[in-house]
Amino acid sequence: MYSDFISHTFATLLILLLYSCKVAVGQTGDIEDEELLCRRCGHKVTSAEHLYSNKSPLALSHRNDTILGHDDTLIQLFQNAHENRFELITVKQADVYRHGVAVYDASWFPSYAWRITVCPRCGQHLGWSFEKGTEDHHSKKYVFYGLILADLLHKDCRFHNFNCIAYVLNHAM
Ligand SMILES: [Zn+2]
């Protein structure tokens, strides 16, 4: 009897998890609705519609992989002055806090100044902004973001993957 109860409870929990995943991506399951979250706190950082490829000549290497259903998402490997390496994706918009003043020194994207970006909710380092232009009223500043892939959680529930279940366990239950 006890084992039956455990099996029934597990099955119910699994159904709830899968239903939660379905709700999380919306009824249409539209790829553009899918999101990348701060791995530390679950804050929504960006979504599939903002992914774009901006290849840098200063990347150590690059590859393409599927991110949020986009098959050809460019992922580039960079190394900083401390020999730390980061795999970055580039996006046009991100909900991050840009820290300090933008500088051109050692920029991974020539002609762009950079700033460190952190999660506005938990302060986790999530990558860098890359900025061009001036901040006066007559010139629209151009900004894109390089986000550290390893610091993001893929909220891609269509495949009912481990990350999705982990997200639901952490935030919905
Ligand atoms: Zn966070």
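These notebook entries record what I looked up in a predicted model.

**Entry 1**

I found 7 strands in an open sheet, ordered 3-4-5-9-8-7-6, with antiparallel pairing. I then looked up the edges: strand 3 (61-67) and strand 6 (97-103) each have a single partner strand, so one side of each has no neighbour in the sheet. I noted that neighbouring strands of this sheet are turned by 30° against each other on average, direction ignored.

Strand 3 and strand 4 run antiparallel and are joined by 6 bridges. Within this pair I located His62 opposite Gln76 of strand 4. Strand 4 (residues 70-79) is in turn joined to strand 5 by 4 bridges, again antiparallel. Here I recorded Glu87 in strand 5 as the bridge partner of Leu77.

For strand 1 and strand 2 I found 3 bridges in the antiparallel sense. I identified two facing pairs: Glu35 stands opposite Ser47 in strand 2, and Leu37 stands opposite Lys44 in strand 2. The hairpin of these two strands has 5 residues between them, and in this hairpin Gly42 takes a positive phi near 90°.

I asked which residue in the turn of the strand 3 and strand 4 hairpin has a positive phi. It is Leu68, at about 50°, in a hairpin with 2 residues between the strands.

Ala106 is in the loop between strand 6 and strand 7 (113-118). Is Ala106 buried or exposed? It has 9 C-beta neighbours inside 10 Å and so counts as exposed, the limit being 12 or fewer.

**Entry 1. The largest nonpolar core**

I looked up the largest nonpolar core, which holds 21 residues. Val45, Ile89, Leu147 and Leu152 touch the most other members. I then asked which strands supply at least two residues each. Among them are strand 1 (35-38), strand 5 (85-91), strand 9 (142-148) and strand 10 (152-155).

I took Ile89 for a closer look. Leaving aside residues up to four places away in sequence, Ile89 touches Leu51, Ile67, Thr73, Ile75, Leu147 and Leu149. One of these contacts, Leu147, is itself named with Ile89 among the residues that touch the most other core members.

**Entry 2. The second core and Phe109**

I also found a second, separate core of 5 residues, including Phe109, Tyr112, Trp114 and Trp128. I followed Phe109, which lies in the loop between strand 6 and strand 7. With 22 other C-beta atoms within 10 Å, Phe109 is buried. Not counting residues up to four places away in sequence, Phe109 touches Ser56 and Phe130. I recorded one further separation: Phe109 and Ala59 are 50 residues apart in sequence, with their C-alpha atoms 9.0 Å apart in space.

**Entry 3. Asp151**

Last, I examined the loop between strand 9 and strand 10, where Asp151 is placed. Asp151 has 18 other C-beta atoms within 10 Å and is therefore partly exposed. I asked what Asp151 touches, not counting residues up to four places away in sequence. I found Arg39, Gln124 and Leu126. The C-alpha atoms of Asp151 and Cys38 are separated by 6.4 Å, although these residues are 113 apart along the chain.

Definitions and conventions
Residues are numbered from 1 along each chain as its sequence is written. This is a predicted model: local features need pLDDT of at least 70, side-chain atom pairs count only at pLDDT 80 or more; totals for chains, interfaces and linings use all residues. A nonpolar core is a set of buried Ala, Val, Leu, Ile, Met, Phe, Trp, Tyr and Cys residues joined through C-beta atoms within 7 Å. A residue is buried if 20 or more other C-beta atoms lie within 10 Å of its own, exposed if 12 or fewer, and partly exposed in between; C-beta atoms are placed from the backbone. Two residues are in contact if their C-beta atoms, placed from the backbone, lie within 7 Å. Two strands pair if DSSP finds at least two bridges between them. Axes are lines fitted to C-alpha atoms, for helices over the stretch in contact, and angles run from 0 to 180 degrees between N-to-C directions.
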